[in-house]
Amino acid sequence: MLAGWTETHNSGAKVSFWLPNSEDLEPFKGLTAKKGNQAGQRFMAVLVEIGPGELPVVPEGCARSPVEPVANRAPEEKRPPYGEYAADLYRNGFFLAQQVLRAAGSPEAYRHWCVAQPCAFTKADGPSACHQEGDNPYFLVPIAKELDGVGEGIPFNEQRVMRERIRHLSRWIAQVLFHKVSMGHVPPEALRDWCNRHNLGAFLPKAYRSAVKAQH
């Protein structure tokens, strides 16, 4: 949760957050912190305000993505049995960790999977391009050819583009590694075992690890 923010002439602008527990500090220990003229480790974070009922708050001016009625969804997509655990993975940045992505597969393998997905924005089948911004080869979004403007990028706000990047990364991991439609259908112990085999246990949220421990 938000701990506070400051802005001074000497230190610049800062925002501080409380972590749920000390175990969540593990991924940061050993990394370089800013000290004097030494630059600290840089990060990219996606922050989503959590409102009542643990639901994300949609910023004013951002249209909600159309959601298919539950009654029209395939049986496997209704009320994922492990949806709460998967939500913790999203909140803790699991799908943005480069160690996790590299263990899941190569950038080439992800691009091959990505181009076979429907367009992230029009939902039309058979996208012919993958939109990438920046140097991260995993930050792809499948898009229809008509949206792939020549040097102009996708005509949607960056927040929505980032949300689609994370959604596709999570579905890639669920489908390729666990043969499930989404991470909400992946049993906690299955992901736990995979993370342990690749020395990624520190990236699992505490609630996820506790749920796994409670089952054994």
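Visitor: Is Trp-113 buried or exposed?

Guide: Trp-113 is buried, with a relative accessible area of 11%; buried means under 20%, exposed over 50% and partly exposed in between, with a 1.4 Å probe and protein chains only. This is a predicted model, in which local features need pLDDT of at least 70, side-chain atom pairs count only at pLDDT 80 or more, and totals for chains, interfaces and linings use all residues. Residues are numbered from 1 along each chain as its sequence is written, and side-chain values use heavy atoms, with hydrogens and water left out.

Visitor: In which helix do Tyr-110 and Trp-113 lie?

Guide: Both belong to helix α3 (residues 107-114), 3 residues apart, about one turn of the helix. Helices are DSSP runs of H or I with at least four residues, numbered from the N terminus. Tyr-110 is buried as well, at a relative accessible area of 0%.

Visitor: And why is the pair of Tyr-110 and Trp-172 called tilted?

Guide: Their ring centres are 4.8 Å apart and their planes stand at 55 degrees, so the pair is tilted. Rings of Phe, Tyr and Trp (its six-membered ring) pair if their centres lie within 6.5 Å; planes under 30 degrees apart count as stacked, over 60 as edge-to-face and the rest as tilted. Tyr-110 lies in helix α3 and Trp-172 in helix α4 (residues 158-178), so the pair ties together parts 62 residues apart in sequence.

Visitor: Which residues do ring pairs link into a cluster?

Guide: The cluster consists of Tyr-110, Trp-113, Tyr-138 and Trp-172.

Visitor: Changing topic, which residues are buried in helix α1?

Guide: In α1 (residues 83-91), Ala-86, Asp-88 and Leu-89 are buried.

Methods
Helix = DSSP H or I, 4+ residues; strand = E, 2+ residues; numbered from the N terminus.
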